[in-house]
Amino acid sequence: MDYLGIDLSCAIGSLKDGTFPPRDCLLPLISKLLGYAIVAASTTVKLPQILKILKHRSVRGLSLVAFELEVVGYTIALAYCLHTGLPFSAYGELVFLLIQAIILVAVIYYFSQPLGISTWIRALLFCAIAPTVLAGQIDPILFEALYLSQHAIFFIARVPQIWKNFSNKSTGELSFLTCFMNTAGSLVRVFTSIQEKAPPSVVAGSVLGILTNGTILTQIIIYLKPQVEKEEKAE
């Protein structure tokens, strides 16, 4: 009995016999279910951030470079997972995260007018190179090196935002819900990646996501009260 790559026969057979499913049967099942849960949740993970910017018509406290690098990182990660044959439940969220990340950057561009020439050059370079990367039309060794570099890209993407939060003692328009879902998703993805026997580099990326997203989430919690008090005084 197989649905969407989830083998239910083992668990159902054990339950019919009146016994609890064994560990080697239960863990893969939980991993698949969690994997698809992450994919489902990822369809709206960046929506709170997008809506918050649109509501306040402001990108105060947001690092543009951080969000641009995030798009680059998602593109590389998705391309790698597509061409290594991992099951969709192990990387499916990257499809929706990439789409939302591109929309988010577009929204930030809109509220950051006028844009400098360097910003337009970065955007055009991405549009020119991304299709080739997603199609996997590059040397396999270079592809592996590129994937390893995306961990550094995600780390570097978070550092400007973390530093900006620390310097301003405020997280500006950052969405708590989006950061919370990013952290929780990375945490769950460590478990599912191990169960799906994903390459160590994939697991390492999820661990890095826990550390960086967790740091930003902690900053939002720490700076929330002072930020509210500051806004009330301004009013």
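I started with Phe166, which is partly exposed at a relative accessible area of 40% (I use buried for under 20%, exposed for over 50% and partly exposed for in between, with a 1.4 Å probe and protein chains only). Before going on, I noted that this is a predicted model, where local features need pLDDT of at least 70 and side-chain atom pairs count only at pLDDT 80 or more, while totals for chains, interfaces and linings use all residues. Residues are numbered from 1 along each chain as its sequence is written, and side-chain values use heavy atoms, with hydrogens and water left out.

Next I searched the whole structure for aromatic pairs and found five (rings of Phe, Tyr and Trp, the last by its six-membered ring, pair if their centres lie within 6.5 Å; planes under 30 degrees apart are stacked, over 60 edge-to-face, the rest tilted). Trp163 and Phe166 form a tilted pair, because their ring centres are 5.5 Å apart and their planes stand at 35°. These two residues sit three apart in helix α7, so about one helical turn separates them (helices are DSSP runs of H or I with at least four residues, numbered from the N terminus). Trp163 counts as exposed, at 56% relative accessibility.

I then looked at Phe176 and Phe180: their ring centres are 6.1 Å apart and the planes are at 15°, so I logged this pair as stacked. Both belong to helix α8, four residues apart, again about one helical turn. Phe176 is partly exposed at 41%, and Phe180 is partly exposed at 41% too.

What lies over the face of Phe166? I found Lys169 there, at 4.1 Å from the ring centre (a charge sits over a ring if NZ of Lys or CZ of Arg is within 6 Å of the ring centre and within 35 degrees of the ring normal). Lys169 belongs to the loop between α7 and α8, and its phi is positive, about 55°, although it is not a glycine. Its relative accessibility of 44% makes Lys169 partly exposed.

**Other backbone notes**

I placed Arg57 in the loop between α3 (47-56) and α4, where it is exposed with a relative accessible area of 57%.

I also checked for a cis peptide bond and found one joining Gln113 and Pro114, with omega about -5°. Pro114 is in the loop between α5 and α6 (117-134).

**The cavity**

How many cavities of 30 Å³ or more does the structure hold? I counted one (on a 1 Å grid over the protein atoms alone, a cavity is a set of points where a 1.4 Å probe fits but cannot get out, and lining residues have an atom within 4 Å of a point).

The lining has 15 residues, and Phe67, Glu70, Arg158, Leu174 and Ile216 lie nearest the centre. I sorted the lining into seven nonpolar, five polar and three charged residues (Ala, Val, Leu, Ile, Met, Phe, Trp, Tyr, Cys and Pro are nonpolar, Asp, Glu, Lys and Arg charged, the others, Gly among them, polar). Helices α4 (64-83), α7 (140-168), α8 (176-195) and α9 (200-234) each supply at least two lining residues.

Methods: 1 Å grid on protein atoms, 1.4 Å probe; cavity = no way out; pocket = protein on both sides within 12 Å on 5 of 7 lines; lining within 4 Å. Points joined across faces, edges and corners; volume = space filled by probe spheres on them.
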